[in-house]
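I set out below what I looked up in this structure. The entries follow the order in which I worked.

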Amino acid sequence: MDHPLKIFNPTIPWEEAEKKWEEGAAQARSAHPLKTLFTLPQMPGIAEKHIKWKGLIYLLRHDTNHIVSRYLLKHPFKYLARYMISLLRKKSYVRDGDFFLYNLRTVDEWKKCLLAPDALFVIGFSYCHKPFECPSGRFSDECIHEATHPVCRQCFIGKVMHALPAKESILPLFIPTVHYIGEKMCALVDRYGDKRVVFLITACEMTLEMFADWGHMLGLRGIGVRLDGRICNTMKAFDLSERGIKPGLTVVLDETQQRILDIVKWLHSTNAPA
Ligand code: SF4
């Protein structure tokens, strides 16, 4: 059930709620302007070769919470077979603009998955597009998304968090590291099975490519949303970022923000996921 005090709630039309949110954001911007990117750097999405192998080694080498032994070795043959099949595929995803579709061909197919009565929607935000001034801390899995806070009010994550229906079948995650999201996904699949979990997660293009086979291995279906701005496109930058050293800001491009908000609006109209 949506909270009646939320700006986005069923008692007022979406357009009205969005206008109210944006008016508050404009006021916050003039009173407390945030550090932003003035221009988008023209960076290649991936500036290194053999990233899948490098990603595999990275994951195994830094598996301090023993994700492999706690989850993957429970079904070693199933997961190994899926991983090998995924490796042999020419392309690990279907690209639709900034949306990278895994185990799916279209966004409509993804929406159908969310309409299933037992779907669980995981919406994840990489920490690197949190504002520098984020009150919950940038390199953190927290997000207070306080509508009256001048930073949250200017933050895209804050807007989505307020627009999302408040439901137990929607699980927002704020992602500091690849091991964090890997462990969360393994735990969800372990608990609910791979048919229920449907994701939409923001990440750099290199990460979307590097760990695609791991998503296929778990049987996950979802959308990876490509970030722009000061992305990580080398293993060195990725490694530093995984330790919280990320002086640059990434962004969800305006057009892609709109696509995500359209999906959130669609969730309201369909009451999905149940
Ligand atoms: S909405 Fe969340 S991520 Fe954005 S500034 Fe607020 S606490 Fe940080």
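**Notebook: the sheet and the ligand shell**

I began with strand 5 and strand 6 (residues 221-226), which run parallel and are joined by six bridges. Strands here are DSSP runs of E of at least two residues, numbered from the N terminus, and two strands pair if DSSP finds at least two bridges between them. Across this pairing I found Thr202 opposite Val225 in strand 6.

I noted that the model is predicted: local features need pLDDT of at least 70 and side-chain atom pairs count only at pLDDT 80 or more, while totals for chains, interfaces and linings use all residues. Residue numbers start from 1 along each chain as its sequence is written.

I then turned to strand 3 (residues 120-126), which runs parallel to strand 5 with five bridges. Gly124 has Ile201 as its bridge partner in strand 5.

Is strand 5 (residues 197-203) mostly covered or uncovered? I found seven of its seven residues buried, that is, with 20 or more other C-beta atoms, placed from the backbone, within 10 Å of their own. Val197, Phe199, Ile201 and Ala203 lie on one side, and Val198, Leu200 and Thr202 on the other.

I next recorded the whole sheet: six strands, open, in the order 1-2-6-5-3-4 with mixed pairing. Strand 1 (94-96) and strand 4 (170-175) are at the edges with a single partner strand each, so one side of each has no neighbour in the sheet.

Last, I checked the ligand. Among the 13 residues around the ligand (C-beta atom, placed from the backbone, within 6 Å), Cys134, Cys143, Cys152, Cys155 and Gly158 come nearest.

Note on methods. Helix = DSSP H or I, 4+ residues; strand = E, 2+ residues; numbered from the N terminus. Buried ≥ 20, exposed ≤ 12 C-beta atoms within 10 Å, placed from the backbone.
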